[in-house]
Amino acid sequence: MKIDAIALHHVELPLVTPFETSFGREYNRPCILVELHAEGLVGWGECVAGSGPWYSYETIGTAWHVISEFLVPQLLGQNLDSPADLVARFGRVRGHAMARASVEAAFWDILAQAQGLSLATLIGGEKQRVAVGVSVGIEPTLPELLSRVESYLSDGYGRVKLKIKPGWDVQVVRAVRERWPDLLLQVDANSAYTLEHAPIFKAMDDLNLLLIEQPLHHEDFVDHAKLQAQLQTPICLDESIHSPEHARWALDVHACKVINIKVGRVGGLTAAKQIHDLCAERGIPVWCGGMLETNVGRAANVALATLPNFTLPGDISASDRYYREDVAAPDFVLNDDSTLSVPSAVGSGVSINQSRLQAARLRHLELRA
Ligand code: OSB
Ligand code: MG
């Protein structure tokens, strides 16, 4: 496929409700949408880098720079046979996984269209529905958190993830567990703790949590392995896993028993599939993480989660949990069984709403062969 043109769109949308994690509170969410033109087809990918270097060192600014100066020039006017070909052309780039993943995602969308397949079918997915949950941010008070959880449960979510940080942890999680004894419940610390906090996690060990996500340093495997050895509850790594190699290293040293796969964080769908396959071989369950994506990124997440070893519910909530007016349609709607339906349309299954894109757009760049 000959790549004719690539356009970048920096957009920002207001969140339906502010989202607070251990690194801060967000009211709006930016992203870069990558539009790739080849042989009369148009593919779209979403870059999940944030407004600042909090979750990862990547930001909208670094991603814009790396995509436009280093990734796009590797592709324009070139004939690409496969995603592996594209991945190889980005081989000299160290890091910048979210930038690489967004361009690769647009190429996968085009490839699925060219082959007349849905993205899920193209990558070998088998499910018609994927199990999902909801990630619940830190709230100003416990009563506000309880009413937020209650409202998500009444929407139909069957699995809840609570964001925690020092001072907002055991007591909060215990209160939720006492109110809903059978709820599928997990927590995410976004690296807010050190090994000295081990007693806090031991105190959570009898709360029947599905997993504890990224309690310690965002690059660490060693301390996570020490903590995992003291706990029954599985540790799940998010921030520490940037590639299939990181996944293998983490598993080799028993740093975790579960992995959260995010396409952006691991550098693309090809790498995400490799991590999925490695974990399947080793009996390690995986689930699809989220980055408050628009429907463009959500469609890719839903497709990824159709692979067989995605056995835990993903952070892939329905569209109305994030944005009132998404830049792509149709919206994803929660089914009664806490699942999202996998689009059967050709390609990723969503299309850009041009007027909403233009309304939400802060910056735009077109690059041609
Ligand atoms: O750690 O999983 C995380 C959102 C932004 C950055 C990091 C994380 C998250 C979430 C949101 O938890 C999950 C979602 O998109 O629903
Ligand atoms: Mg996380």
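Helices (H or I, at least four residues) and strands (E, at least two) are DSSP runs, numbered from the N terminus. With that settled, I started my notes on His242, which lies in the loop between β9 (235-237) and α9 (244-252).

**Ground rules.** I am working with a predicted model, in which local features need pLDDT of at least 70 and side-chain atom pairs count only at pLDDT 80 or more, while totals for chains, interfaces and linings use all residues. Residues are numbered from 1 along each chain as its sequence is written, chains are lettered from A and ligands numbered from 1 in the order in which they are written, and side-chain values use heavy atoms, with hydrogens and water left out.

Is His242 buried, exposed or partly exposed? I found His242 partly exposed, because its relative accessible area is 27% (buried means under 20%, exposed over 50%, partly exposed in between, with a 1.4 Å probe and protein chains only). I also looked up its C-alpha distance to Ser118, 124 residues apart along the chain, and got 27 Å.

Ser240 is found in the loop between β9 and α9 as well. Its relative accessible area is 1%, so I noted Ser240 as buried. The side chain of Ser240 makes a polar contact of 3.0 Å with the side chain of Gln214 (a pair of N or O atoms within 3.5 Å; within protein, one must be able to donate a hydrogen and the other to accept it, and residues adjacent in sequence count only if both atoms are side-chain atoms). A polar atom of the Ser240 side chain also lies 3.0 Å from the backbone oxygen of Asp220.

**Helix α7.** Next I went to Met204, in helix α7 (residues 198-204). Met204 counts as buried because its relative accessible area is 0%. Its C-alpha atom is 9.9 Å from that of Gln232, 28 residues apart along the chain.

**Ligand 1.** Which residues are closest to ligand 1? I listed Asp188, Asn190, Lys262, Leu292 and Tyr322, out of 15 residues that surround the ligand (near means a heavy atom within 4 Å). By class, I have 5 nonpolar, 3 polar and 7 charged residues in this shell (Ala, Val, Leu, Ile, Met, Phe, Trp, Tyr, Cys and Pro count as nonpolar, Asp, Glu, Lys and Arg as charged, and the others, Gly among them, as polar).

I then checked the oxygen atoms of ligand 1. One lies 3.0 Å from a polar side-chain atom of Ser135. I also noted 3.0 Å between a ligand oxygen and a side-chain N or O atom of Lys161, and 3.0 Å for Lys262. The protein covers 99% of the 390 Å² of accessible area that ligand 1 has on its own (Shrake-Rupley method, 1.4 Å probe).
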